[in-house]
Amino acid sequence: MRVRTLGVGLVVLVAAATTTIARQSARAGADIKGDGITGRVEFREVPAQTDGGRDMKFMTGTSAVEVTATITGLKPGTHGFHLHAVGACDGPGFTSAGGHFDPGPHGMADPDANHPFHMGDLPNLVADATGRATLKSITTRVTLGSGPLSMFDADGTAVIIHANPDQGITAESKAGLSGGPRVACGVVTKQ
């Protein structure tokens with residue numbers, strides 16, 4: 001009977017390891033385009049960890065999404081960087097992407113209200129003197145899988161880069177403190 005228990009425990013352990021590997025392999029990406037701006041943002045689902053000096057204001061769960069961005073053609077300086085509610089990059093100023101990604105019964109997509117607590121809020125990008133910005137960050141505010149925080153809901157998700165820094169504070173609607181004009185956009189797709 002002892003061997004049987006060990007066998008069941010081993011099967012459970014193997015199943016858990018397989019589930020973890022499958023979860024880690026979920027990937028997505030977005031090709032970023034704007035006026036003279038290009039780049040790529042990669043998303044990879046990984047187990048969340050609360051150590052290693054992570055920016056805890058972007059941690060809210062037990063699974064995480066690693067975000068890696070490489071962008072060129074930006075004005076030197078700091079730029080707001082967010083996930084937006086709709087996977088579209090049309091129209092003047094990429095307005096088809098909607099507000100910030102913030103699903104739920106009490107979600108608030110207005111970019112300036114409820115800030116910096118939207119599920120789609122990410123750390124600012126900082127472009128060097130040549131206009132190149134790179135970022136590697138972890139967030140547990142979204143998932144690449146199913147569920148209410150999935151970036152792959154019915155209308156998808158877009159990545160937006162703003163002209164100005166996100167000041168990380170709540171303001172009145174249209175105040176522009178979350179980054180102002182949208183200068184680049186990319187639709188997130190599964191890989």
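Helices (H or I, at least four residues) and strands (E, at least two) are DSSP runs, numbered from the N terminus. The structure is a predicted model, in which local features need pLDDT of at least 70 and side-chain atom pairs count only at pLDDT 80 or more, while totals for chains, interfaces and linings use all residues. Residues are numbered from 1 along each chain as its sequence is written, and side-chain values use heavy atoms, with hydrogens and water left out.

**Exercise 1.** State how many helices and strands the protein chain has, and in which order they run.

Solution. Step 1: the protein chain holds one helix and ten strands. Step 2: read from the N terminus, the order is α-β-β-β-β-β-β-β-β-β-β.

**Exercise 2.** Find what share of the protein chain is buried, and what share of its contacts join residues at least 24 apart.

Solution. Step 1: buried means under 20% relative accessible area, exposed over 50%, and partly exposed in between (1.4 Å probe, protein chains only). Step 2: of the 191 residues in the protein chain, 38% are buried. Step 3: contact means heavy atoms within 4.5 Å. Step 4: for contacts between residues at least 6 apart in sequence, 67% join residues at least 24 apart.

**Exercise 3.** Locate Gly131 and decide whether it is buried or exposed.

Solution. Step 1: Gly131 sits in the loop between β6 (125-127) and β7 (133-139). Step 2: its relative accessibility is 1%, so Gly131 counts as buried. Step 3: leaving aside residues up to four places away in sequence, Gly131 touches Ile71, Thr72, Gly73 and Leu74. Step 4: Thr72 is 59 residues from Gly131 in sequence, yet the C-alpha to C-alpha distance is 5.6 Å.

**Exercise 4.** Describe the place of Glu45 and its polar contact.

Solution. Step 1: Glu45 belongs to strand β2 (residues 37-47). Step 2: Glu45 has a relative accessible area of 5% and is therefore buried. Step 3: a polar contact is a pair of N or O atoms within 3.5 Å; within protein, one must be able to donate a hydrogen and the other to accept it, and residues adjacent in sequence count only if both atoms are side-chain atoms. Step 4: the side chains of Glu45 and Thr143 form such a contact at 2.5 Å.

**Exercise 5.** Identify the residues with the most contacts inside the largest nonpolar core.

Solution. Step 1: a nonpolar core is a set of buried Ala, Val, Leu, Ile, Met, Phe, Trp, Tyr and Cys residues joined through side-chain atoms within 4.5 Å. Step 2: the largest one has 27 residues, and Val41, Phe43, Phe81, Leu125 and Val159 have the most contacts inside it. Step 3: β3 gives the most to this core, with four residues.
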